[in-house]
Amino acid sequence: MPRTPGQRAGLTRDAVLTAARTVFAERGLPGLSMRSVARELDVAPNALYSHVADKDALVDDLLDDLLGALDPPAPDAEPLAGLRGVMLATFDLLVVHADLVPLYLARQGARGENARALGAAMTVLLGHLGLDGDAAGRVVRALVVSTIGYAALATADGPALAPAQLRADLEVTLDWLLLGATRS
């Protein structure tokens, strides 16, 4: 079976994502392209297409790859604590990777395998609270949007409140959202 150009170049998905993170950190989104990542790896641009379809897919993969650092809540976790915990861990992760927060906002979150696994784990916990289907989906969206929004405030240039204060505010917001969701 013939190997693809990316395989011939000895590339892996992880190597492509590492190079993309480097390029993005140095040049931002405008400087991130298939060509710039290929230059970082010292390969021809077509070698990347064995691992990623295009720039949009590359950005989506970067966002989803970061979420791989999070542990989904266990299906038998106390639901409110599990949901609250994964959202606070997400906030903490985003604050450390502030350069990616605008991309999460622009793309309304992440769509890849890791994002789906987190969403599925959250849906299981919401099921324990009597929420499923569309209702669970709305609650997951509300939790994610709130978390990304607070991370955006915490990582903005010259934030009015310190990240620690915004995290504390997020904790209260998560409690309100979850309390409201369970009373609906």
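**Between the domains**

Analyst: Between domain 1 and domain 2 the count is one salt bridge (a Lys or Arg side-chain nitrogen within 4 Å of an Asp or Glu carboxyl oxygen). Mind that this is a predicted model, where local features need pLDDT of at least 70, side-chain atom pairs count only at pLDDT 80 or more, and totals for chains, interfaces and linings use all residues. Numbering starts from 1 along each chain as its sequence is written, and side-chain values use heavy atoms, without hydrogens or water.

User: Which side chains meet in that salt bridge?

Analyst: Arg21 and Asp65, at 2.8 Å, N to O.

User: And where are the domain bounds?

Analyst: Domain 1 is 13-52 and domain 2 is 65-182; the bounds come from an automatic or database domain assignment.

User: How much area is buried between them?

Analyst: About 380 Å², with 63% of that from carbon and sulfur atoms. Buried area here is the accessible area (1.4 Å probe) lost when the two parts are put together, summed over both. On the domain 1 side, Arg21, Phe24 and Leu29 supply 73% of what that domain buries against domain 2.

User: Switching topic: which residues touch the most others in the largest nonpolar core?

Analyst: Leu32, Val37, Leu48, Leu58, Tyr104 and Leu143, out of 53 residues. Such a core is a set of buried (under 20% relative accessible area, 1.4 Å probe, protein chains only) Ala, Val, Leu, Ile, Met, Phe, Trp, Tyr and Cys residues joined through side-chain atoms within 4.5 Å.

Methods:
Buried means under 20% relative accessible area, exposed over 50%, partly exposed in between (1.4 Å probe, protein chains only).
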